[in-house]
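Keep the structure open beside you as you read.

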Amino acid sequence: MGNDDHRRRKTPCGFCMAVFKWIPVLFITAVIAWSYYAYVVELCIRNSQNSIGMIFMLLFYHLFLTLFMWSYWRTIMTSVGRIPDQWRIPDEEVTRLFRADSPETQKRILNNFARDLPVTNRTMNGSVRFCEKCKIIKPDRAHHCSVCSCCVLKMDHHCPWVNNCVNFYNYKYFVLFLGYALVYCLYVAFTSLHDFVEFWKVGAGQLNATGMGRFHILFLFFIAIMFAISLVSLFGYHIYLVLVNRTTLESFRAPIFRVGGPDKNGYNLGRYANFCEVFGDDWQYWFLPVFSSRGGGYSYKTSSDQSRVTTTSPVQRYDAMGDTPTSRLDGNPTDKLIGASPLDTTNHHHNQSPHQVRSTSDQPTQQLQVVQPPSPYRDELDERQEHLANGQSLSPSTAAVKSSQLAEGGANGAAVYIDIIGDHPLAGANPVKDSTSPPNGDLPV
């Protein structure tokens, strides 16, 4: 509870209001106490003729009642918590904020104070959310409750039937309370259905119960059915909110994010992840009213974070296979790949010739690594280099022979080798077996 609420209780009017808030809780407690008497005493003990059946009925009844009351008690008594002082703005900053001459100045003051806080939610004008009553920066999904007079973490709504705010700390208890209350009502209605039918079928005088006991059983069935009808819709709605990771307030007013703007599905991480955010990762505590929710209530994963992880996961899996010399988007990609492997002549990369290599290097010169061809063609290569070194050129006959060899080599699928002289294909060459293939299997162009 906030400080304003404590001040209200000190006055006579505030004390009366505090007592008045407990009337719905007292009403629910009285209905449960009456249903216990009607079911255990009137239906099972006084009206049942089968002792074994009565034992099993009472056993399951007390099991469901225990889980129901345990969840209800935890929902009522769990405090809304207190936001730490690191979210509180100092008094001098608050004075500057209220005296600011323009909304842009206020926005700049708030953004500057919250630069180290994990906040992604914004107001309509794009500034950090600020509570004027509590004098704090609102954490994501937190709202100020006028009944509790304080800011509440992941506030869903204020429920008068539990006299408490449904929030981060007790939302799991609240959902379990609705679920077990529904199971309790359905169980009572199902086990009292036979006596209810007999009451209208053969008359009230045929029942074993006497006096007012017969009417206790009759009204027990009616009230169980009525509460079950109201609970099934409420419980189903909150199960839907859990699976989409949304609060009641967010379903009516979408949260506004710093990046992306309003988005009702901003916290949707997938059904299983959303369920585990409320009920925890350990399945043993899922259906028990003990705290097992993820996080501390001040920051939450968003759907954009989830999509970013999904987008980067293939790159992470690729990097896990080994160190890659360079990315295809990095500079000078071909400088790392020219001498790494014999080039493939299958032309499966955009149908381009394998020796049409374009260097993207910004350097004027680049030392290219020579891939030595097999020994039958090494003498031929040395001869060509010697002719060029002496300023001589190849004779036309020699060029014709090379052209014919090129045609034969292309037809036979021969490999092409790049040397420091030029891009001349050597026919009949076999790829080097111990060379390292490029990371992607293709030569970037």
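A residue is called buried when its relative accessible area is under 20%, exposed when that area is over 50%, and partly exposed in between, using a 1.4 Å probe and protein chains only. With that in hand, look at arginine 141, which is buried, with a relative accessible area of 2%. Arginine 141 sits in the loop between strand E2 (136-137) and strand E3 (143-145), and its phi is positive, about 70°, although it is not a glycine. Asparagine 163 also has a positive phi without being a glycine, here about 50°. Its place is the loop between strand E5 (157-159) and strand E6 (164-166), and with a relative accessible area of 12% it is buried.

A word on where these values come from. This is a predicted model, in which local features need pLDDT of at least 70 and side-chain atom pairs count only at pLDDT 80 or more, while totals for chains, interfaces and linings use all residues. Residues are numbered from 1 along each chain as its sequence is written, and side-chain values use heavy atoms, leaving out hydrogens and water.

Now step back to the chain. Its secondary structure comes to 15 helices and eight strands; these are DSSP runs numbered from the N terminus, with helices (H or I) of at least four residues and strands (E) of at least two. Of the 445 residues in the chain, 39% are buried. A contact means heavy atoms within 4.5 Å. Among contacts between residues at least 6 apart in sequence, 64% join residues at least 24 apart.

What lies inside? In soluble globular proteins, nonpolar side chains tend to be buried together. A nonpolar core is a set of buried Ala, Val, Leu, Ile, Met, Phe, Trp, Tyr and Cys residues joined through side-chain atoms within 4.5 Å. The largest nonpolar core here has 50 residues, and Tyr39, Tyr61, Phe68, Phe177 and Phe279 touch the most other members. Helices H3 (23-45), H4 (51-77), H7 (171-191), H8 (193-201), H9 (213-244) and H11 (271-279) each supply at least two residues of this core, and H7 gives the most, with 14 residues. Apart from this core lies another, of 23 residues, including Trp87 and Phe130.

Axes are lines fitted to C-alpha atoms, for helices over the stretch in contact, and angles run from 0 to 180 degrees between N-to-C directions. Angles under 35 degrees count as roughly parallel, over 145 as roughly antiparallel, 65 to 115 as roughly perpendicular and the rest as oblique.

Take H9 and H11: their axes come within 6 Å and cross at roughly 110°, so the two helices are roughly perpendicular to each other. Val242, Leu243 and Val244 of H9 meet Arg271, Asn274, Phe275, Val278 and Phe279 of H11. Leaving aside neighbours within four places in sequence, the contacts of phenylalanine 279 are Lys172, Val175, Leu176, Val242, Trp286 and Ser292.

H3 and H9 pack at an angle of about 130°, with axes 9 Å apart, and that makes H3 oblique to H9. Among the residues making this contact are Trp34 and Tyr39 of H3 and Phe219 and Phe227 of H9.

Finally, find methionine 69 in helix H4. This residue is partly exposed, with a relative accessible area of 29%. Methionine 69 and threonine 29 are 40 residues apart in sequence and 9.3 Å apart in space, C-alpha to C-alpha.
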